[in-house]
Amino acid sequence: MTTEKKTEKDFLMSGRRGRRKTALSARAAGALAAALVLAVGPVPAVCSGNMALTASAASGTEKVTLRIANWEEYIDEGGWDEEEAIDLDDENSTVILGENSMIEDFEDWYLENYGVEVNVEYSTFGSNEDLYNQLTLGNDFDLVCPSEYMFMKLIAENRLQPLSDSFFDEDTESNYYVRGVSDYIRNIFDTNTINGEPWSRYAAGYMWGTTGIVYNPEEISEEEASHWAILADPKYKGQVTIKDNVRDSYFAALGILNEEELLDPETLNAEDRLERITEAMNRTDEETVAAAEEILKQMKENAYSFESDSGKADMVTGKVLANYQWSGDAVYTLDQAEIDDYYLAYAVPEESTNIWFDGWVMLKDGIAGDAAKQQAAEAFINFMSRPDNVVRNMYYIGYTSVIAGGDSDIIYAYADWCYGAEEDTEDTIEYPVGFFFSGDNADPDYVITAEPDQVNRQLFAQYPPQDVLERAVVMQYFDQENNQRINQMWVNVRCFNLASLSWQDWAKIAAGVAIVLIAAGVFLKRDDIFRKR
């Protein structure tokens with residue numbers, strides 16, 4: 001294909017939102033050198049322990065201030081043009097248009113439904129570590145949206161306020177989260193625990209996805225891109241990028257290290273395959289960490305760069321051929337490239353993929369036993385989980401919501417609006433998404449008729465097929481001992497290792513230092529002479 005590709009400046013200056021089939025924005029992840037430190041109608045009583053507040057009681061409450069921190073560019077900011085309105089072919093012919101920001105709409109909705117004025121103080125963070133540092137420095141937030149490993153850390157540190165019992169009442173119409181969250185996601189939040197307590201006791205999901213490889217299919221085969229080993233393959237030296245954070249990079253290294261074991265027929269056909277993959281991809285013993293370090297050093301030597309957000313531009317501008325990416329950013333990258341008729345693809349390694357989440361959690365120090373504040377925080381989660389608002393956020397940021405919609409078909413209709421083939425398209429495939437929307441991938445009500453290339457492009461990235469989910473595992477939160485071991489490994493990989501230098505290397509360094517010192521002495525002597533003159 002011949003096409004004039006965007007320059008990096010054009011890419012960075014391009015609009016951040018557009019129709020799904022042409023372009024979308026994405027969260028600027030900003031995960032800089034991460035370490036393992038580390039959303040109508042009246043809402044019923046909210047109870048947590050001895051805390052209880054009914055909507056009628058709240059009506060006599062003074063104005064509530066709700067302090068929220070979220071990722072940058074991770075919520076609909078409104079300001080849509082009328083031509084951007086989304087006309088969905090659902091049972092109600094829903095039209096979605098984000099005129100105001102989601103925050104403004106929530107404040108109005110809360111006053112209308114609760115009779116209480118709420119003022120949202122909204123701020124953003126660029127990485128999980130940025131958020132954690134703010135909390136450590138004493139910044140008080142009520143509701144935040146970190147990634148799964150960070151909310152696991154906060155649970156382990158006993159810093160989170162449990163969600164109220166009434167938040168989980170599925171008979172309450174306005175409990176959009178619990179009524180609409182995908183059963184696939186619900187199961188993960190219910191079965192993953194920290195200190196014996198499930199994630200779901202403290203965290204409500206927001207967005208989710210997989211990790212994989214964005215690649216140029218004209219230069220790299222699907223088979224090559226479907227293995228983590230491509231990141232260390234000298235055939236593509238200087239043409240791949242890897243993630244500049246320890247968890248994602250360590251996961252990729254484990255994928256290479258355990259490739260033979262994970263692709264062994266015995267593992268592939270085992271009834272407990274997912275459990276085996278989970279165990280292998282969460283090993284932190286000394287031998288495994290040491291082996292992973294060597295692989296990561298090979299990846300470092302092979303890579304064009306370690307990156308946190310620039311990989312999207314590097315792919316679109318053609319600087320690199322493959323980019324280790326989160327699925328949401330993968331969708332954005334594919335969309336941006338497609339504007340210039342430059343077609344990229346997305347692959348999920350056959351060994352395993354890391355299934356990731358961002359989720360809403362309330363902080364104990366922020367809520368501080370204030371029933372009115374907790375009610376507002378949980379109402380915000382439900383408001384964000386209302387199907388029409390889910391579509392607004394997905395459209396604006398380009399990631400996939402954990403909400404399937406429950407009794408509403410709006411979100412499925414939106415997926416079909418994004419990826420369904422035009423009626424006159426002759427060459428199509430049937431792409432099932434029932435696993436997410438109904439829990440049954442054979443459900444005929446949830447099949448998108450799409451163009452064939454969507455089996456490895458945007459639709460594939462947003463709603464992975466069943467075989468991908470069978471190898472998608474959560475990377476767990478590691479205890480202090482394992483944190484220290486992996487952090488030190490990461491320092492060894494990312495920093496210059498003095499211990500690896502030979503005596504010859506030290507001799508060369510000494511000679512270089514001597515030359516610099518002699519040159520500096522000569523300069524100072526001349527300077528002294530000139531000053532005397």
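This is a predicted model: local features need pLDDT of at least 70, side-chain atom pairs count only at pLDDT 80 or more; totals for chains, interfaces and linings use all residues.
1. Which residue of S14 stands opposite isoleucine 242? Phenylalanine 306 does. Strand S13 (residues 240–243) pairs with S14 in the parallel sense, over 3 bridges. Two strands pair if DSSP finds at least two bridges between them.

2. Residues are numbered from 1 along each chain as its sequence is written, and side-chain values use heavy atoms, with hydrogens and water left out.

3. Overall figures. The protein chain has 24 helices and 22 strands. Helices (H or I, at least four residues) and strands (E, at least two) are DSSP runs, numbered from the N terminus. The chain holds 533 residues, and 56% of them count as buried. Buried means under 20% relative accessible area, exposed over 50%, partly exposed in between (1.4 Å probe, protein chains only).

4. The whole structure contains 27 salt bridges, each a side-chain nitrogen of Lys or Arg within 4 Å of a carboxyl oxygen of Asp or Glu. Lysine 312 and aspartate 329 form one, at 3.6 Å from N to O. Lysine 312 sits in helix H14 (residues 311–316) and aspartate 329 in helix H15 (residues 327–339), 17 residues apart. Both lysine 312 and aspartate 329 are buried. Glutamate 338 and arginine 457 form another, at 2.5 Å from N to O. Glutamate 338 is in helix H15, while arginine 457 lies in the loop between strand S21 (447–450) and helix H21 (458–462), 119 residues apart. Arginine 457 is buried, because its relative accessible area is 5%.

5. Further charged groups. Aspartate 388 and arginine 386 meet in a salt bridge at 2.8 Å, N to O. Aspartate 388 has 23% relative accessibility, so it counts as partly exposed. Arginine 386 is at 15%, so it is buried. Arg67, Asp142 and Lys373 are linked in a network of salt bridges.

6. Helices H18 and H19. Helix H18 (residues 387–397) packs on helix H19 (residues 410–419) at an angle of about 30°, with the axes 9 Å apart. That makes the two helices H18 and H19 roughly parallel. Axes are lines fitted to C-alpha atoms, for helices over the stretch in contact, and angles run from 0 to 180 degrees between N-to-C directions. Angles under 35 degrees count as roughly parallel, over 145 as roughly antiparallel, 65 to 115 as roughly perpendicular and the rest as oblique. H18 brings Pro387, Asp388, Val390, Val391, Met394 and Tyr395 to the contact, and H19 brings Ile410, Ile411, Tyr414 and Trp417. Contact means heavy atoms within 4.5 Å.

7. Valine 402. This residue is in the loop between strand S19 (400–401) and H19. Valine 402 counts as buried because its relative accessibility is 0%. Leaving out residues up to four places away in sequence, valine 402 touches several residues, among them Tyr177, Val181, Trp208, Phe357 and Phe436. Tyrosine 177 is 225 residues away along the chain, yet the C-alpha atoms of valine 402 and tyrosine 177 are separated by 9.1 Å.
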